[in-house]
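Thanks for coming. Please have the sequence and the structure open while I talk.

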Amino acid sequence: MSMLPLAMIQQEYGEGKNFWFHAQASNFAHEYDWVFYFVLYLSTFFFIAIVATMILFLVKYRRREEGEAAPHGPSHNTVLEITWTVIPTILVGFLFWFGFKGYMSQRVPPRDSYEIRVRSQRWVWSFESPGGIQSDVLYVPKGKNIKLRMSSSDVIHSLYIPAFRVKYDIVPGRYTQVWFRPTMKGEFHLFCTEYCGKDHSRMTTKVVVMDSFEFQGQLDKLAEEATSDPVEYGAKLYKSKGCSACHTLDGVKGQGPSWKGLFGMEREFSNAKKLVVDEQYLRESIIQPHKKLVKGYGAVMPVTQLKDRQVDALIEYIKTVK
Ligand SMILES: [Cu+2]
């Protein structure tokens with residue numbers, strides 16, 4: 001048991017954080033937790049009341065003598081029956097109202113929301129701000145309504161930000177969306193909660209909530225990074241775009257061929273004539289992965305939404321993997 005004063009504990013774990021929950025870091029958190037506790041205490045109350053009554057009756061009406069006949073009890077009690085129908089109905093109606101109200105407010109983003117594109121892919125997240133700046137960490141300004149427009153390039157994933165009480169599936173072939181308003185500065189977990197294959201458990205990143213001034217600075221920094229050294233940028237994309245899940249750098253065969261010594265080698269295909277690997281071929285393999293299939297490999301590489309300069313950077317990077 002910690003002896004820290006309350007103020008220090010709150011600073012360490014975030015306001016509203018306790019045994020059950022993460023910090024209350026979005027506009028939804030307060031009401032969400034309230035409903036959770038209401039259901040929890042209600043269920044606890046009825047559990048105890050029902051089990052206690054059962055035990056009491058077990059003892060009180062137990063058979064006392066060998067061969068004693070069971071007495072005839074009352075078969076009907078209108079007042080009791082109405083009571084145990086009406087009270088739970090009211091309670092359940094109340095719960096439905098809260099659930100429905102919360103659901104509706106989570107489903108409908110306000111018009112003025114700042115839209116961030118979220119792309120999910122086995123096993124990485126990618127976020128893109130309206131200005132086209134991409135990152136593998138979700139940066140959001142505090143106090144603004146944020147809408148995430150999400151898509152998947154392979155299987156079903158699910159975005160979950162516990163501190164925001166936000167969770168929604170991302171289904172291939174369609175956009176899904178969530179919104180929230182961050183109310184607390186800091187870093188919070190973001191992860192996939194839909195089992196999506198081998199490295200599902202590593203499909204994690206974080207949300208960083210900044211004030212709007214810091215947020216602008218962060219966007220500028222990311223934009224700068226993207227235009228600097230292409231090889232360095234390519235190395236980052238190799239990880240953040242999920243290429244590393246299938247392509248190794250050390251010659252070991254993964255789901256896809258290793259990139260070691262790829263540039264300049266001779267390649268054979270199952271559906272095209274052989275050629276020597278050059279920039280043209282690399283570009284095509286990244287943008288239209290299934291046009292030429294490397295011999296011995298299936299058509300499993302996902303089509304990734306990459307910007308032109310990202311494709312360039314990846315090619316520059318591949319050229320350095322010797
Ligand atoms: Cu996933």
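Tyrosine 160 has phenylalanine 191, in strand 9, as its bridge partner. Strand 6, residues 157-161, and strand 9, residues 186-192, pair in the antiparallel sense over 2 bridges. Two strands count as paired if DSSP finds at least two bridges between them. Strands here are DSSP runs of E with at least two residues, helices are runs of H or I with at least four residues, and both are numbered from the N terminus.

Before going on, two notes on the source. This is a predicted model, where local features need pLDDT of at least 70, side-chain atom pairs count only at pLDDT 80 or more, and totals for chains, interfaces and linings use all residues. Residues are numbered from 1 along each chain as its sequence is written.

Back to strand 9. Strand 9 and strand 10 also pair in the antiparallel sense, over 6 bridges, and histidine 189 stands opposite lysine 206 in strand 10. Strand 10, residues 204-210, pairs with strand 4 in the parallel sense over 4 bridges. In that pairing, leucine 138 has valine 207 in strand 10 as its bridge partner.

Put together, this is an open sheet of 5 strands in the order 4-10-9-6-7, with mixed pairing. Strand 4 (138-141) and strand 7 (166-170) are the edge strands, each pairing on one side only. From one strand to the next the twist averages 20°. Helix 4, residues 212-227, lies across strand 4 and strand 10 and runs at about 145° to strand 4. Such angles run from 0 to 180 degrees between N-to-C directions, with axes as lines fitted to C-alpha atoms, for helices over the stretch in contact. Contact means that the C-beta atoms of two residues, placed from the backbone, lie within 7 Å.

What is the phi of arginine 165? It is near 55°, a positive value in a residue other than glycine. Most residues other than glycine have a negative phi, and most peptide bonds are trans. Arginine 165 sits in the loop between strand 6 and strand 7. Arginine 165 counts as buried because it has 23 C-beta neighbours inside 10 Å. The cut-offs are 20 or more other C-beta atoms within 10 Å for buried, 12 or fewer for exposed, and partly exposed in between, with C-beta atoms placed from the backbone.

Strand 1, residues 114-121, and strand 2, residues 124-128, run antiparallel and are joined by 5 bridges. Valine 118 stands opposite phenylalanine 127 in strand 2. In the loop between strand 1 and strand 2 is tryptophan 123, and the peptide bond from arginine 122 to tryptophan 123 is cis, with omega near 0°.

Last, helix 7, residues 308-320. Its 13 residues should span 18 Å at 1.5 Å a residue, and the end C-alpha atoms are 19 Å apart, which agrees. The expected span is 1.5 Å times one less than the number of residues. Gln310, Ala313, Leu314, Ile315, Tyr317 and Ile318 of helix 7 are buried. The buried residues of helix 7 pack against helix 5 (230-240) and helix 6 (279-287).
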